[in-house]
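Dear colleague,

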Amino acid sequence: MTAALLRLAVQIVLVASLWHGLYAAAGTTAGLDRDQAVSYAVLAVLASRLREIDQYAARDTVIQHMHFGTIVYWYLRPMPPQRYYALRALGEQLYGLAWSLAGYLVCLAAGVVQPPASAAVAGVFALSMLFGQWVLYYVMLVIDQLCFWTLRNGAALLILIFAQNLLSGVYAPLWFFPDWFITLSSFLPFQATLSVPLSLYVGRIPLSDAAFQLSVQAGWIVVLALFTRFLWRRAARRVISQGG
């Protein structure tokens, strides 16, 4: 816990210093002023802490269960595997939420992060962040389900993490990228995970457009939920219990 706290503090300090430096000689860039950019970047660091449990050390990743054959116990328990996976993810996010919320309150008190413009913005941001984490859950689930057909998903997971961080605006807000890049990302679910809620928070997306953005996030949730449900059914046909 000490190492996690230290790493989070270092990340926040470095990110805030970077964006303060970038805006030292600039006013408004890509529709963001310095306070908005710093708030966005720090919130992105805190949001990335929502799902950062070391499942590999606990030997509870899908790829490890597939390698050792223990994935069969997911299908022999009274609880269905999809429910266990969902409850495990919920526990991880609640634990990460405690870290993120504590960090947010400290940054807010220190003036590193600007408060939301109004109670309405805060409410829309909270709902959008919930939808974003929901979308992210299904995206990660698809990659884990890939193991049922490939046995290994290490390369796919690395690609996904990079794509998620790039296309969701973790590295930098999407408005700093070329128009073709922004258009491409709009057809993918990644920006719905983080870019949309953080943009609502800092005011880059006005409240008048919030309903449309929330509907897009909800649409991705429905599509990915149906797709992963289909994959769970197909994956069950590939699991074989021998000797019992």
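Axes here are lines fitted to C-alpha atoms, for helices over the stretch in contact, and angles run from 0 to 180 degrees between N-to-C directions. Please bear in mind throughout that the model is a predicted one.

I begin with a pair of helices. Helix H6, residues 119–145, packs against helix H11, residues 195–202, at an angle of about 170°, and their axes lie 8 Å apart. Because angles over 145 degrees count as roughly antiparallel, H6 is roughly antiparallel to H11. On the H6 side the contact is made by Val 121, Val 124, Phe 125, Ser 128 and Met 129, and on the H11 side by Val 196, Pro 197, Leu 198, Leu 200 and Tyr 201. Nine of the residues in this contact of H6 with H11 are nonpolar, one is polar and none is charged.

Next, the nonpolar cores. The largest of them has 35 residues, and Tyr 85 and Phe 148 have the most contacts inside it. At least two residues of this core come from each of H3 (62–68), H4 (72–76), H5 (81–110), H6, H7 (147–150), H8 (154–167), H11 and H12 (210–236). The helix that gives the most is H6, with eight residues. Phe 148, leaving aside its neighbours within four places in sequence, is in contact with Met 66, Ile 71, Tyr 75, Trp 232, Ala 235, Arg 238 and Val 239. There is also a second, separate core of 29 residues, which includes Leu 32, Ala 37, Val 38 and Met 129. Met 129 is also one of the H6 residues in the contact with H11.

Helix H6 also holds Leu 127. This residue counts as partly exposed, because its relative accessibility is 36%, a value between the limits of 20% for buried and 50% for exposed. Leu 127 and Leu 214 are 87 residues apart in sequence, yet their C-alpha atoms are 8.2 Å apart in space.

Two residues towards the start of the numbering may also interest you. Val 15 is placed in helix H1, residues 2–22.

Ser 39 belongs to helix H2, residues 34–48. Is Ser 39 buried or exposed? Ser 39 counts as buried, because its relative accessibility is 1%. Beyond residues up to four places away in sequence, Ser 39 touches Val 112, Val 113, Gln 114 and Val 202. By contrast, the C-alpha atoms of Ser 39 and Pro 78, which are 39 residues apart along the chain, are separated by 45 Å.

Finally, the cysteines. A disulfide is a covalent bond between the sulfur atoms of two cysteines. A search of the whole structure finds zero disulfides. Cys 107 is buried, with a relative accessible area of 6%, and Cys 147 counts as buried at 0% relative accessibility.

With kind regards

Terms used
Residues numbered from 1 in each chain as written. Predicted model: local features only at pLDDT ≥ 70, side-chain atom pairs only at ≥ 80, totals over all residues. Heavy atoms only, no water. Helix = DSSP H or I, 4+ residues; strand = E, 2+ residues; numbered from the N terminus. Parallel < 35°, antiparallel > 145°, perpendicular 65-115°, else oblique. Contact = heavy atoms within 4.5 Å. Nonpolar A, V, L, I, M, F, W, Y, C, P; charged D, E, K, R; others polar. Core = buried A, V, L, I, M, F, W, Y, C linked by side-chain atoms within 4.5 Å. Buried < 20%, exposed > 50% of the residue type's maximum accessible area, 1.4 Å probe, protein only. Disulfide = S-S within 2.5 Å.
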